[in-house]
Amino acid sequence: MKRSLAVLIAANSFFAPRASEAVVASAAKSSVAKEQAVASIDRQSAALSDLSDQIWALAEIALRETRSAALLADYAEAQGFAVERGVAGMPTAFVASYGQGRPIIGVLGEYDALPGISQKAVSHQEALEAGAAGHGCGHNLFGPASLAAAIAIKERIAAGELEGTIRFYGTPAEEDIGGKVYMLRAGLFDDLDIALAWHPGDEVSADTEGSQAMVDFAVEFRGKAAHAAADPWNGRSALDGVELFTHAINLMREHVKPTVRMHYVITDGGDVPNVVPDHARVWCWIRDSEHTSVDALVEWARSAAQGAALATGTESAFKIQAGSYEMLVNLEGAKLIHENLVWLGPVPFTEQEHEFAREIQRATGVEPVGLKADPTPLDLTRRPPEGGSTDVADVSWLVPTLHLTVTTAAFDAPWHAWPVVATGGMSIGHKGMVYAAKALAATMVDLYENPERRTAIANEFEEQTRGFKMKFYIPDGPPPVPTN
């Protein structure tokens, strides 16, 4: 998922919210446990960089992250965690736990790559392996940073400085089916008090904007084959059904809110031109700021599929494959995260790293401003998320969830693309990852040490979710784990 950005304005090559919209917070209070947790991250930094580089090089896509998941699970086990592997019917999902009693705090990690965007760790586009996958969303950094934060907390529990339970959730397939949703349905988050997550991005901020709700569906059309030249009148083209359906989707665009995003690919358009195709398929995602809007738009699309089938003499089958809610932002949690970002200060990027980022920005046609290292002022203004969806959002509706973004990429360079793969495989990504681990660990120390902060977060969550009933945007049955 691409990081959500607040509305930003330029200032000395960097950006900040308007003063009237920003909340200037003091730094978090230090403590022995917090200082020791941050020191633990520093001690782990070389191992973290090695872990992330191995996952970066493997670049395993959704539900095929076998070696990437094993690297993280093995590392957790070696650090004294009890690890349960293959949870929720997914061989690449696992939960690592340490401690006992409450509070029970969980931190989430991802490690799946995106197909087709292989890239070397250089500032110009050059594939590491043509056509192969790449970590264009920084998930090679996401998993190790979150695990390192969990280890730092484990050490403080073992030392008797903190009381409770820490869990690391190894969550696969965020870029595809949304592995966390299957883990939620299996009850793996039911007893959590609070969850934390971060995401690689191009700014340092506590997330107050959230993410878009999304539903992933496919429409299959079935027609009647015939010779495309000799007797096309005896055929009924399934591809006609797909084309009429996508035309309807494109006509819908005039009549939806500006916050809506609709995108599709035709995954099956028949076999050869001289046969009227009797099978065709289109894969579509619809997003908006709220799941209620997405639900309504999906029903509109369902009607369009039925109409396209009726008009073309074909049959349609509409199948919802996955989906996610919008992120439920917890402002009390965001304030706590921001205090710790201020306490940590800027990410310590060098001038050479800024220049690497500027080279990427020149190559991609955006302003060459380098990296955004300083924490962004906390912006509590409610506005629709800029774009992007994540299954972390589903967790946020069942457990109070605190989310932050940390710079690991050149500001404003394309996401889900080669620039993010490039910086994720070198020191820019490493430094952002280490910083994120410190921010997570510091925030978790505050949560363990200050029950009043936990209570404030829980009270806000209970008010937000009063009367809410979760429905999962996944089909019945086990996850669609590949068999080969």
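**Figure 1. Strands S6 and S7 run parallel and are joined by six bridges.** In this close-up, strand S6 spans residues 104–109 and strand S7 spans residues 165–170, helices (H or I, at least four residues) and strands (E, at least two) being DSSP runs numbered from the N terminus. Isoleucine 105 stands opposite isoleucine 166 in S7. The model is a predicted one, in which local features need pLDDT of at least 70 and side-chain atom pairs count only at pLDDT 80 or more, whereas totals for chains, interfaces and linings use all residues. Residues are numbered from 1 along each chain as its sequence is written, and side-chain values use heavy atoms, with hydrogens and water left out.

**Figure 2. An open sheet is formed by seven strands.** The strands follow the order S4-S5-S7-S6-S8-S15-S9 with mixed pairing, where two strands pair if DSSP finds at least two bridges between them. Because strand S4 (82–85) and strand S9 (205–206) stand at the edges with a single partner strand each, one side of each is left without a neighbour in the sheet.

**Figure 3. The largest pocket has a volume of about 960 Å³.** A pocket is, on a 1 Å grid over the protein atoms alone, an open set of points with protein on both sides within 12 Å along at least five of seven lines, and its lining residues have an atom within 4 Å of a point; grid points are joined across faces, edges and corners, and a volume is the space filled by probe spheres set on the points. Of the 44 lining residues, Glu175, Asp176, Asp216, Trp283 and Trp285 lie nearest the centre of this pocket. Helix H4 (179–185) and strands S10 (213–222), S11 (261–268), S12 (279–288) and S13 (315–324) each supply at least two residues of the lining, which by class has 22 nonpolar, 10 polar and 12 charged residues. Here Ala, Val, Leu, Ile, Met, Phe, Trp, Tyr, Cys and Pro count as nonpolar, Asp, Glu, Lys and Arg as charged, and the others, Gly among them, as polar.

**Figure 4. The second largest pocket holds about 310 Å³ of space.** Its lining comprises 18 residues, of which Ser289, Glu290, Glu326, Met327 and Arg382 lie nearest the centre, and this lining divides into six nonpolar, seven polar and five charged residues.

**Figure 5. About 40 Å³ of space lies in the second largest cavity.** A cavity is a set of grid points where a 1.4 Å probe fits but cannot get out. Helix H7 (331–344) and strand S15 (401–407) are the elements that give two or more residues to its lining, and S15 gives the most, with three.
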